[in-house]
Amino acid sequence: MRLPLGQVLCLGKAAFPKQVFTVSRSAAFRENPICAVGGTLLSCSRHYQSQPTHGIGRFRHLAPKIVKKRKERVQMKEINPGTDYEYGDLNIEIIGYDMCLVEGYARFVHKLCQNLSVRVIGSYALPTKTTEVMVVQEVGNKMYMDAVLTTHQRVVQVRSLSATFAPILLEIMQSNQPEGVRLSVKEYTESDFKIRLKTRTELEDLMSQLSN
Amino acid sequence: MAVETWRRRGALWLPGIMAAPTRASWRLLGALCLQRPAIVSAALSPMEEVVARLMQQLETERSRLSDHEVRHQAEEEQLRHPKDRGDDLASSSVVLARDLEEVWEDRFQKAELSPRLTDADKNNDRTSLNRKLDSNLTLLVKQKVGDQELWLLPQMEWQSGETLRNTAERALVSFLGESLTGAKFLGNAPCGLYKYKYPRAISTEDSMGAKVFFFKALLQSSHLSKEESKADCVWVTKSEMEDYLKPEYLKQISRFVVDL
């Protein structure tokens, strides 16, 4: 019966096992040159690709292939209040001059809806509008610029708000409104979606030229 | 719960159509909780004021210079060390940043801020809308219920064929003479319910008691034509309601009247 390396026939004496052990150790060294004395990696025969556990975490080849195609974001379908008495998509618009107040209030409304388990579909910002306030000079007829006002607008979109809960939500939002901020709740329409998109002037020019 | 809905349905049907059962039905009333929202934000508590001041100081120290301040600094530099050029800043007709600041300071000094405590506050005139600008005011009306004159939220009897919200709107029009655009109803759903049974003497088979459904509305304009009101009406905050209302009624109402 062949004994594997490292095992020893118990023969009673302590010295004997030690001898055999050293022999086995040196044999192991020969087989595995990586842990040779010297420290640096002497051999480059790495085993990781032929290891039985190689590729153990791979799953992408099993999942269905998704082809990402570039398309315009389609409008979400609207749910009209039916017998369930729920509103469809609602836009909660927050408009004001002071950006900190507007953004803080938008954050508050978003968190409030989440905490009250009202489904929030999205929240976005509309581009800032700059208004120049011109004042007629007291002395002459010329107008000079008095102030530059920036109007900021944030929108929180909410879906299927139940009609029994809507008055409570409205009241909470209205009573927590900061000064100088306007709140407006509207139904989401196609025109609201179109406002966010930029017009392609060159395309329109070319189209008009084609049709002419 | 099923018994309640059965009873309510009993009220909607005419007595002749109903089959013989002797269940009592309740009278339905629609009431209006008209609130004038706060006009001025509530004053900060001392702790809030300290924190606000600290945050303001921190933010000013950490913030960067705005366009106006950058321009101001550049102009000050130029005035201090005028370079020998043709155009001298002091003599040219360009408006300096510091001149603008002076103009703005003047305008600020001249502006008068309206006071937080109005005359109505000092006189404690409860019929005017101009008091307690930082809290919600609710309308209370003196109405005759049964044989007693009570202070209540304005209510009217429900008539078949109209929704309960229409009842509340009728109450609004009859007590204030206000057109419907003056008050904005928050929704079609009632915000509260108060039901009471009639005392033994009055209760019959048809009417065991009454149920009052409350609807909330917010007042849009802060001015009302006072001459139109036909009954005594009073605008009170939540804490002042105790002087007018009965304790059980008050308990049910304070569940939906909110005052931050």
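**Helices α2 and α3, chain A.** I looked up how α2 (residues 99-115) of chain A lies against α3 (residues 166-175) of chain A: their axes come within 11 Å and cross at roughly 155°. Axes are lines fitted to C-alpha atoms, for helices over the stretch in contact, with angles from 0 to 180 degrees between N-to-C directions. Helices are DSSP runs (H or I, at least four residues), numbered from the N terminus. The contact (heavy atoms within 4.5 Å) involves A:Tyr105, A:Val109 and A:Leu112 of α2(A) with A:Leu169, A:Ile172, A:Met173 and A:Gln174 of α3(A).

**Basis.** I note that this is a predicted model, in which local features need pLDDT of at least 70, side-chain atom pairs count only at pLDDT 80 or more, and totals for chains, interfaces and linings use all residues. Residues are numbered from 1 along each chain as its sequence is written, chains are lettered from A and ligands numbered from 1 in the order written, and side-chain values use heavy atoms, without hydrogens and water.

**Helices α3 and α4, chain B.** I found α3 (residues 67-80) of chain B packed on α4 (residues 97-110) of chain B at about 125°, the axes 8 Å apart. α3(B) and α4(B) are therefore oblique to each other.

**Chain B with chain A.** I read 12 residues from chain B and 11 residues from chain A in the contact. I found 1 salt bridge between the chains (a side-chain nitrogen of Lys or Arg within 4 Å of a carboxyl oxygen of Asp or Glu). A:Glu171 and B:Lys216 meet in a salt bridge at 2.6 Å, N to O.

How values were computed. Helices (H or I, at least four residues) and strands (E, at least two) are DSSP runs, numbered from the N terminus. Angles under 35 degrees count as roughly parallel, over 145 as roughly antiparallel, 65 to 115 as roughly perpendicular and the rest as oblique.
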